[in-house]
Amino acid sequence: MPRTRSQRMALTTFVIPAGHHKDAWRRAGSRIEEVPGLDYVTELTQMAERAKIDAVFFGDVAHANPTLRGDIKTNGYYEPISTLSALAARTTHIGLIGTMSTSFESPYTVARQIAGVDHMSNGRAGWNLVTSFDGFANYSKEGIPAPEDRYRRATEFAEVVTRLWDSWADDAVIADRTGGHYADLGKVRRINHSGEHFQVEGPAPGPRAPQGHPIIVQAGSSGPGLELGSSVADAIYTAQPVKERAVEFYADFKKMLSAKGRNPDHTHVLPGILPIIGETASEAEELAAELASYVNIEFGRKQVEAGLKMDLSELSEDEQIPEEWFSLDPNMGSRYHVFRRKSVEQKMTLRDLIVDLARSAGHQWIIGTPQSIADVMVDWFESYACDGFNLNSPYNPGGMQQMCEKLVPELQNRGYARAEYEGATLRDHFGLPRPSA
Ligand SMILES: Cc1cc2nc3c(=O)[nH]c(=O)nc-3n(C[C@H](O)[C@H](O)[C@H](O)COP(=O)(O)O)c2cc1C
């Protein structure tokens with residue numbers, strides 16, 4: 001592959017103030033009482049900004065089902081638009097990416113809200129486009145649509161959003177005080193979309209966003225997910241715990257981009273990584289063991305059951321899930337198959353799966369020093385397993401501090417991460433051109 005991509009990694013951090021490692025909130029000093037207020041999440045975000053990370057990312061689930069299964073780590077506590085808007089006022093450079101579900105929202109609202117955050121932050125907004133597989137009961141919907149149906153709706157949704165973003169030309173606002181014309185109305189166009197799911201007249205109610213199109217991230221690695229990601233996304237989030245598979249995934253995805261006439265260097269592949277960092281290898285191992293000791297195994301069993309849609313009540317923690325209990329159906333979702341392989345190929349016991357899920361939710365986790373973890377990250381980057389990473393802090397605030405003050409500086413020293421912001425917008429940080437209307 002000719003090397004035209006940046007020599008630097010794209011780096012975002014998936015902010016979960018309770019910590020990505022399940023039950024890490026139990027650690028002394030977790031400041032869990034301050035979740036979901038603004039000051040604590042601001043401090044975490046500002047730490048990432050001081051490390052010159054491209055963006056903070058907020059996931060979102062519009063339901064409390066994990067909490068009811070004893071897992072409070074998920075991000076539903078931070079409604080993305082209110083959170084990003086508040087953070088826009090408290091930060092200056094870092095990108096602000098939030099999740100909005102195409103299954104529940106309306107494209108007109110999402111187009112306005114994400115463009116609004118882009119305006120408020122002078123071009124730092126991003127939208128993580130997801131389809132959701134839970135929470136339908138909160139939106140007057142019965143059952144869960146099949147993945148193909150969710151992604152068909154998501155595809156039309158994304159088309160409407162981007163057309164709305166383009167419905168005001170960049171030079172539509174003329175603010176002609178003398179003539180009394182705020183906008184050149186020939187440059188503010190209706191979109192007149194009429195599709196399977198949405199009828200939207202347009203145009204958007206206000207001027208084009210500073211980035212033209214705020215960044216679109218797509219998270220989901222199934223066939224339909226990648227089909228959509230390769231059509232519209234500027235970056236994709238993916239769970240890739242094994243390097244060889246990540247290299248294959250990367251090559252396949254870049255081929256999909258090329259086949260669609262898109263520049264393969266203009267959509268970043270960003271697998272998640274959860275680093276458990278110590279000054280020495282043994283200190284890191286001790287920390288990992290300490291974090292694992294907080295995991296509530298009975299809640300963990302329920303979470304594995306929910307993730308795999310299996311009844312595991314008859315299985316002891318020291319047994320492996322029988323291979324024949326797993327389905328090979330790709331519609332079970334990419335995360336399901338990550339766990340199927342861990343169980344079947346890596347012969348993990350139920351307890352191992354519970355701790356593994358607690359650590360990473362299917363992403364790669366690494367225990368080590370800033371140097372040894374940077375070695376792995378550089379190796380993945382140089383092997384074309386990724387274009388960068390979505391950093392998952394295992395516990396907070398200490399884990400975020402270790403990532404931002406130890407790991408990222410190690411990457412900066414090696415020339416793989418920026419030492420200063422050079423541009424103003426998230427597109428600039430990601431090295432992506434601004435689309436014209
Ligand atoms: C890093 C990452 C973050 C995600 N964040 C969210 C989220 O905030 N909300 C959500 O509903 N789904 C989220 N997802 C799930 C995806 O949108 C998708 O539904 C899931 O990966 C299953 O789809 P797939 O089978 O296409 O992979 C995320 C996935 C990844 C990899």
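**Close-up views of a predicted model**

**Figure 1. Pro36 and its cis peptide bond.** Pro36 sits in the loop that runs between strand 1 (10-14) and helix 1 (38-50). The structure shown here and in the other views is a predicted model. The peptide bond joining Val35 and Pro36 is cis, with omega about 5 degrees. The loop between strand 1 and helix 1 also holds Arg31. Arg31 is not a glycine, yet has a positive phi of about 60 degrees. With a relative accessible area of 22%, Arg31 is partly exposed.

**Figure 2. The cis peptide bond from Gly202 to Pro203.** Omega of this cis bond is near -5 degrees. Pro203 is placed in the loop between strand 8 (199-200) and strand 9 (215-219).

Figure 3. Asp60 places a backbone N or O atom 2.6 Å from an oxygen atom of the ligand. For Ser221, a polar backbone atom is 2.6 Å from a ligand oxygen atom. Tyr151 uses its side chain: a polar atom there lies 3.0 Å from an oxygen atom of the ligand.

**Figure 4. Packing of helix 3 against helix 4.** Two packed helices are described by the angle between their axes and the distance between the axes. The axes of helix 3 (residues 80-90) and helix 4 (residues 107-120) come within 9 Å of each other and cross at roughly 10 degrees. Angles under 35 degrees count as roughly parallel, and helix 3 and helix 4 are therefore roughly parallel to each other. Helix 3 contributes Ile81, Leu84, Ser85 and Ala88 to the contact, while helix 4 contributes Gln113, Ile114, Val117 and Met120. By class, six of the residues in this contact are nonpolar and two are polar, with no charged residues.

Figure 5. Asn122 is located in the loop between helix 4 and strand 4 (125-130). Phi of Asn122 is near 55 degrees, which is positive although the residue is other than glycine. Asn122 counts as exposed, at 57% relative accessibility.

**Figure 6. Thr267 in a buried loop position.** Thr267 belongs to the loop between helix 7 (243-259) and strand 11 (268-277). Its relative accessible area is 0%, so Thr267 is buried. A polar atom of the Thr267 side chain lies 2.8 Å from the backbone oxygen of Ala233. Leaving out residues up to four places away in sequence, Thr267 touches Ala233, Asp234, Ala235, Ile236, Phe253, Lys254, Leu257, Arg262 and Asp387.

**Figure 7. Helix 10 and its neighbours.** Helix 10 (residues 334-344) is largely enclosed by the rest of the structure, because eight of its eleven residues are buried. The buried residues are Tyr336, His337, Val338, Phe339, Arg340, Lys342, Ser343 and Val344. They pack against helix 9 (297-308) and helix 11 (350-360).

**Figure 8. Leu411 of helix 13.** Leu411 is part of helix 13 (residues 398-413). Its relative accessibility is 0%, so Leu411 counts as buried. Not counting residues up to four places away in sequence, Leu411 touches Met9, Leu11, Ala374, Met377, Val378, Tyr416 and Ala417. Of this group, Met377 is 34 residues from Leu411 in sequence, and the two C-alpha atoms are 8.8 Å apart.

Key:
Residues numbered from 1 in each chain as written. Predicted model: local features only at pLDDT ≥ 70, side-chain atom pairs only at ≥ 80, totals over all residues. Heavy atoms only, no water. Helix = DSSP H or I, 4+ residues; strand = E, 2+ residues; numbered from the N terminus. Buried < 20%, exposed > 50% of the residue type's maximum accessible area, 1.4 Å probe, protein only. Polar contact = N/O pair within 3.5 Å; in protein donor to acceptor, adjacent residues only side chain to side chain. Contact = heavy atoms within 4.5 Å. Axes fitted to C-alpha atoms, helices over the stretch in contact; angles between N-to-C directions. Parallel < 35°, antiparallel > 145°, perpendicular 65-115°, else oblique. Nonpolar A, V, L, I, M, F, W, Y, C, P; charged D, E, K, R; others polar.
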